[in-house]
There are 2 protein chains.
Amino acid sequence: MQSGNTIYIAIVGVGGVGRHVIAQLHLISKEYPNLRLCHISRSKKSLYAQDFEQPLPFDSWEHDLAQTGQDPLSLDGLLKYLASAPGKSVVVDNTSSSDVAAAYPMFLKQGISVVTPNKKAFSGSLELWKDIFNSVRSPSNPTGGYVYHESSVGAGLPIISTLKDLVDTGDEVARIEGVFSGTMSFLFNTFAPVQGNGGVWSDEVRRAKAAGFTEPDPREDLNGLDVARKLVILARISGLDIQNTSSFPVQSLIPKELESVKSADEFMEGLPRFDGTMASMRDDANAQGKVVRFVGSIDVKKAVLNVGIQTFDKSHPIAALKGSDNIISFYTKRYGSNPLIVQGGGAGGEVTAMGVTADLIKVIQRLS
Amino acid sequence: MQSGNTIYIAIVGVGGVGRHVIAQLHLISKEYPNLRLCHISRSKKSLYAQDFEQPLPFDSWEHDLAQTGQDPLSLDGLLKYLASAPGKSVVVDNTSSSDVAAAYPMFLKQGISVVTPNKKAFSGSLELWKDIFNSVRSPSNPTGGYVYHESSVGAGLPIISTLKDLVDTGDEVARIEGVFSGTMSFLFNTFAPVQGNGGVWSDEVRRAKAAGFTEPDPREDLNGLDVARKLVILARISGLDIQNTSSFPVQSLIPKELESVKSADEFMEGLPRFDGTMASMRDDANAQGKVVRFVGSIDVKKAVLNVGIQTFDKSHPIAALKGSDNIISFYTKRYGSNPLIVQGGGAGGEVTAMGVTADLIKVIQRLS
């Protein structure tokens, strides 16, 4: 009974995260022999087991998808397919698609669980958030599925699980503060280091872009929205009814004059004109023994969220961050004046996949 | 079905941790109405529901235990009692008793789950460790109970769950390092601060004792064994077969001459004679721009564990620790040169209870 239930896994999205999720699933399938991989899709192609008794292999999917992949199922089609499985099923959404996110309530209501690093569902409209969590299995809704989304904030770092444990056991979270973007972390750690002079802003952006630390269009990182989305998620878990990312101030590092230029290249060409502004902001902070960092903060008691540049003493843990690391501090009643801090790499396919797989293990354990 | 199972909770130990666990349980019982408190015991007295349909109240137990408490059940008696419950049950062991710890396999084999902050079972003999984890529910042992022990390292900080997620998803943990004792943290942060001169060693120990930051006999903190026990737990989760705390070097801060003095008072009287040794060690480090800290480390690849004083650059996160905080760094293949770090208060009744209650929620979710 408890350990024998077969569980069917449907993977949506096999990019930088999804392929690592499948590799990690392969590994855990030795520990959980009741796992079956039944569906893999990317934007244009999909593979699925016509016969649930003959699941997909964990190792040769890439070749099979290229050779024998069919047109992907619609989300409705995927729902019907999984509903016909002879056991419980889980959708692993590795995309950043709003369409897939909008379908979570539909899956959950059907008893199909969802595991995902996709921020869209949890940082989109408050209505979708409520629809998702009203559809989750609970004493009053015993037929719903489970939803886990650790990697939607800080990738594999234990951020969401920690906040939930604090809230669920009755601690009072007063404030959450930190560096939530690996890209912003990298840019500011090199542009305004604790020791030394730092570089030229547009050069740092160019270097980060070349190293793959930014989106192909760096404006998607510099507009602050990625950080804002993560704050919305943590604020809602803390109990605040935040409507969306437009409900609070988000500082964009895209100069007004470059907001509407058409291409990323054009943006990069124009950026050096604003190096002086960035440099003087950094130098002003430096004159006071401080550094500038791009942070997000939630004052839970006052229900105030904020995303933007702030200055920190050089001895502050946020100032001392390295590389593209994230750091998130939880100030709570129980932990008093010294916060509970989680720090480390908060981006990248492998560590994001780790958060997804660890969540999946928790779902498998609850369904087994 | 899934959400309807009634779950019976037996509390063993209602000291500084146990009373907070019951208060937190009271809170979560609103979310999990299928919870029933059926047994509470301390060393000399116990209360239990004769009729499982009439559970104990979450609020008036202290008065009831004092007024109507009976002789406690033996561990065998508790097993028989819980085995007769009309549903699944969980023992919450808030003691630091080796006897209770030795009984875990017996409970687990009977399908009774165990949640505990008690280090003894997990840092004792390797045989007991194996007996416990062979008795846990798994595909090959579908009738076993679950065991969760987050608070056995770092109290409510997410240390064990994080390490398990890393290991279970296939990351390679190379090294674990940190400050694992709140008492040692407090002593060294004040004795050898990053800025300023710091105090006299025996004065700091006296102050910490007076403030309740040490055990009544400070030798129980200064012998390094508390840190050694935590290392054994993390090393075993990392896959190392460590026999016990005698399997690796543990530096004791109890001077040889004071090891055999009879009372804590006599110890405190003798301690100032060793202030010079401690001060010169600190001053030597200071001359190199470093500070001394009492740390534990595990080199997982080489299977080398170590507990004792080490020196750290003043810019190192371990040097910058405040108050009685713990800090634990996980160096892994996926996280590369920058470790995953968890930091915060790692001792105290309320945060330890939080780890216990959060574990209990996970067990309830798996049993529901």
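Trainee: At roughly what angle do the axes of helix 9 and helix 10 of chain B cross?

Mentor: Please bear in mind that this is a predicted model. In chain B, the axes of helix 9 (residues 182-191) and helix 10 (residues 201-210) cross at roughly 135° and come within 10 Å. That angle makes helix 9 of chain B oblique to helix 10 of chain B.

Trainee: Is the crossing of those two helices of chain B right-handed or left-handed?

Mentor: The crossing of helix 9 and helix 10 of chain B is right-handed.

Trainee: And which residues make the contact?

Mentor: Helix 9 of chain B contributes Phe186(B), Leu187(B), Phe188(B), Thr190(B) and Phe191(B). From helix 10 of chain B come Trp201(B), Glu204(B), Val205(B), Arg207(B) and Ala208(B). By class, this contact has 7 nonpolar, 1 polar and 2 charged residues.

Trainee: Changing topic, into which domains is chain A divided?

Mentor: Domain 1 of chain A comprises 7-155 + 350-367, and domain 2 of chain A comprises 160-345. Taken over C-alpha atoms, their centres are separated by 30 Å. The contact takes 15 residues from domain 1 of chain A and 18 residues from domain 2 of chain A.

Trainee: How much area do the two domains of chain A bury between them?

Mentor: Domain 1 and domain 2 of chain A bury about 1,500 Å² between them, with 62% of it on carbon and sulfur atoms.

Trainee: Which residues of domain 1 of chain A lose the most area to domain 2?

Mentor: Those are Ser123(A), Leu126(A) and Val153(A), which together account for 37% of what the domain 1 side buries.

Conventions. Residues numbered from 1 in each chain as written. Chains lettered and ligands numbered in written order. Predicted model: local features only at pLDDT ≥ 70, side-chain atom pairs only at ≥ 80, totals over all residues. Heavy atoms only, no water. Axes fitted to C-alpha atoms, helices over the stretch in contact; angles between N-to-C directions. Helix = DSSP H or I, 4+ residues; strand = E, 2+ residues; numbered from the N terminus. Parallel < 35°, antiparallel > 145°, perpendicular 65-115°, else oblique. Left-handed = near helix turned anticlockwise from the far one by under 90°. Contact = heavy atoms within 4.5 Å. Nonpolar A, V, L, I, M, F, W, Y, C, P; charged D, E, K, R; others polar. Domains from an automatic or database assignment. Buried area = accessible area lost by both parts, 1.4 Å probe.
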